[in-house]
Amino acid sequence: MSKKEQFIAAIQKSYQTDKPVIRLGSAILDGEIIGEARVSLPLRMMNRHGLVAGATGSGKTRTLQVLAEQLSAAGVPVFMSDIKGDLSGIAQPGKTNAALEERSQILGTVFEPKGYPVELYSLSGQKGSQMRATILEFGPILLSKIFELNETQSGVLAILFKYADDKDLPMVDLNDLKKVLNYLAEGPGAVEIKADYGTISTSTAGTILRKIVALEQQGVGTIFGEKSFDITDLINRVDGQGVISLLNISDVQDKPALFSTFMLSLLAELYHKLPEAGDLDKPKLVFFLDEAHLLFKDAPKAFLDQIEQVVRLIRSKGVGIFFCTQMAQDVPVSVLSQLGNRVQHVLRAFTPQDADALKQTVKTYPRSDYYAIDQILTTLGIGQALITVLNDKGIPTEVAATHLLPPTSIMGPMVQADYDQHVQQSDLYMKYKDPLDPESAYEMLTKRMEAHAKVQAEAQEEVVQAKKQKEETSVISDALNSPLAKQIGREVVRGVFGMLFGKSTRTKKTGGGLFGF
């Protein structure tokens with residue numbers, strides 16, 4: 001048996017299954033694309049999570065598009081972040097050309113242009129249905145990441161949440177957060193929390209407040225509030241196809257901490273709200289986190305611990321997560337170890353750091369009898385990737401350099417007119433368009449502070465009146481005790497006694513008159 005025949009047999013044995021699969025492409029050996037050496041990913045293994053990595057321009061976004069299309073066709077809903085705003089074309093059939101037809105022919109398929117059901121979302125509300133979450137749904141750990149707080153400031157933020165929870169104060173938007181902060185740092189609550197929570201310094205409170213105001217001034221404070229996004233709206237189907245939910249973040253891509261953390265909040269919400277599902281034939285939802293390195297950059301330990309917990313446990317809820325980034329090293333080891341499916345596009349080794357990253361990536365792949373992993377990783381073409389996934393028994397497959405299938409939808413954005421029409425016709429756009437203003441911590445604490453101020457004013461008025469009365473009493477007392485008052489008093493007493501006893505109290509003068517009497 002020739003090397004090629006051995007290779008085909010090894011690939012077919014490793015990837016063969018009678019279960020539904022996501023077709024990825026065909027394997028490459030010594031530069032030859034071998035159509036019958038099909039590489040695929042079992043649908044039931046999609047909730048074992050995965051990694052799509054590679055250098056800029058290597059085709060990662062189109063790989064995500066291929067995965068999303070086939071998942072949708074299999075009835076599996078998908079959530080994706082659209083960093084550059086160029087994925088909306090998934091909603092419309094692609095256009096065939098000679099290159100696409102040739103590629104499909106080599107892979108043993110027929111190119112059939114097709115569009116898929118798509119929902120368009122936005123954090124600003126300008127490019128799709130508004131996605132919101134309440135402050136309480138975010139929690140202190142995720143908010144600390146958005147505000148880039150240090151450990152001390154994060155601890156104070158945790159106090160605000162603990163107090164709001166203990167006192168049944170719903171924190172919905174940034175106004176609620178500012179009001180609770182002000183109430184506990186400088187308001188009546190400062191004394192109240194001293195024994196149980198400790199005090200909040202004015203400098204720390206001022207720093208947090210400035211972070212909140214800065215976010216509001218950037219025009220993205222609207223992501224906090226009601227109506228909060230219902231996570232079950234991500235799990236929809238149309239005519240048996242899974243809906244592909246695209247979060248367009250092209251207008252906030254300069255705020256990576258914001259959108260990456262928001263996506264993690266959606267994952268956390270899925271984890272907390274979805275029931276246990278066990279092993280399913282296909283996942284309930286597959287979640288793609290593009291530009292994943294932004295999620296982990298400068299992340300505190302508490303934040304990383306939360307990510308690791310969600311990734312480790314959400315599989316049992318029937319949700320798969322695929323991280324997309326440039327290098328595997330962008331993902332912490334504790335998370336990377338949870339990712340059973342790997343699609344690695346070309347890596348560049350232009351610098352010593354690149355060379356070190358290449359060596360580390362090679363170590364994460366199983367040994368191959370057909371490739372020198374370090375060489376193949378640097379010579380892959382656009383639209384090609386080195387793949388190893390879990391087969392339907394959970395065993396890592398043979399490493400395969402793979403020529404990937406092309407997307408069947410438009411590889412780019414919809415034209416603006418079509419985009420706007422698509423948004424306006426969405427029922428979810430109308431559902432989340434207008435914000436709600438429920439009674440929350442802001443209103444509750446405002447009333448409490450007004451009542452406190454009224455009590456203080458009344459107490460102050462009582463003090464003023466008491467002081468005034470005391471001053472009046474003091475004036476009278478001083479007047480009565482003066483020498484003049486005492487002399488007048490004596491004269492009055494004498495006059496009274498004289499009247500009572502018929503005597504004059506005056507001293508009679510003798511011998512002093514003009515006529516001698």
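**View 1. The largest cavity and the residues around it.** In this predicted model, the largest cavity is lined by Arg132, Ala133, Glu137, Phe138, Ser228, Phe229, Ile231, Phe262, Ser265, Leu266 and Glu269. A cavity is, on a 1 Å grid over the protein atoms alone, a set of points where a 1.4 Å probe fits but cannot get out, and lining residues are those with an atom within 4 Å of a point. The volume of the largest cavity is about 80 Å³, where a volume is the space filled by probe spheres set on the points, and grid points are joined across faces, edges and corners. Helices H4 and H9 each supply at least two residues of this lining, and H9 gives the largest share, four residues. Helices (H or I, at least four residues) and strands (E, at least two) are DSSP runs, numbered from the N terminus. By class, six residues of the lining are nonpolar, two are polar and three are charged; here Ala, Val, Leu, Ile, Met, Phe, Trp, Tyr, Cys and Pro count as nonpolar, Asp, Glu, Lys and Arg as charged, and the others, Gly among them, as polar.

Residues are numbered from 1 along each chain as its sequence is written, and side-chain values use heavy atoms, with hydrogens and water left out. Because the model is predicted, local features need pLDDT of at least 70 and side-chain atom pairs count only at pLDDT 80 or more, whereas totals for chains, interfaces and linings use all residues.

**View 2. The largest pocket.** Unlike a cavity, a pocket is an open set of points, with protein on both sides within 12 Å along at least five of seven lines. The largest pocket holds about 420 Å³ of space, and of the 19 residues that line it, the closest to its centre are Lys145, Ile146, Phe147, Glu148 and Ala257. Helix H4 (135-147), helix H8 (202-217) and H9 each supply at least two residues of the lining, with the largest share, four residues, coming from H4. The lining divides into ten nonpolar, six charged and three polar residues.

View 3. A nonpolar core is a set of buried Ala, Val, Leu, Ile, Met, Phe, Trp, Tyr and Cys residues joined through side-chain atoms within 4.5 Å, and buried means under 20% relative accessible area, with exposed over 50% and partly exposed in between (1.4 Å probe, protein chains only). The largest such core has 81 residues, and those with the most contacts inside it are Met131, Leu177, Phe287 and Phe323. Helix H9 (residues 256-273) contributes the largest share of this core, nine residues. Apart from this core lies another, of 61 residues, among them Tyr15, Ile28, Ala68 and Tyr429. Leaving aside its neighbours within four places in sequence, phenylalanine 287 is in contact (heavy atoms within 4.5 Å) with Phe79, Met263, Leu266, Leu267, Leu270, Gly320, Ile321 and Phe322.

**View 4. Strand S11 within the sheet.** Twelve strands form an open sheet of mixed pairing, in the order S2-S1-S14-S13-S12-S3-S11-S10-S4-S9-S5-S6, and two strands pair if DSSP finds at least two bridges between them. Strand S11 (residues 319-325) is mostly covered, as seven of its seven residues are buried. On one side these are Val319, Ile321, Phe323 and Thr325, and on the other Gly320, Phe322 and Cys324. Strand S3 (residues 50-53) runs parallel to S11 and is joined to it by four bridges, with threonine 325 as the bridge partner of alanine 53. Strand S10 (residues 285-289) is also parallel to S11, through five bridges, and leucine 285 has valine 319 as its bridge partner.

View 5. Strand S2 (32-42) and strand S6 (129-130) are the edge strands, each pairing on one side only. Strand S5 (residues 118-122) pairs with S6 in the parallel sense over two bridges, and serine 129 is the bridge partner of tyrosine 121. Leucine 29 lies in strand S1 (residues 21-29) and counts as buried because its relative accessibility is 5%. Leaving aside neighbours within four places in sequence, leucine 29 is in contact with Lys3, Lys4, Phe7, Ile34 and Tyr370.
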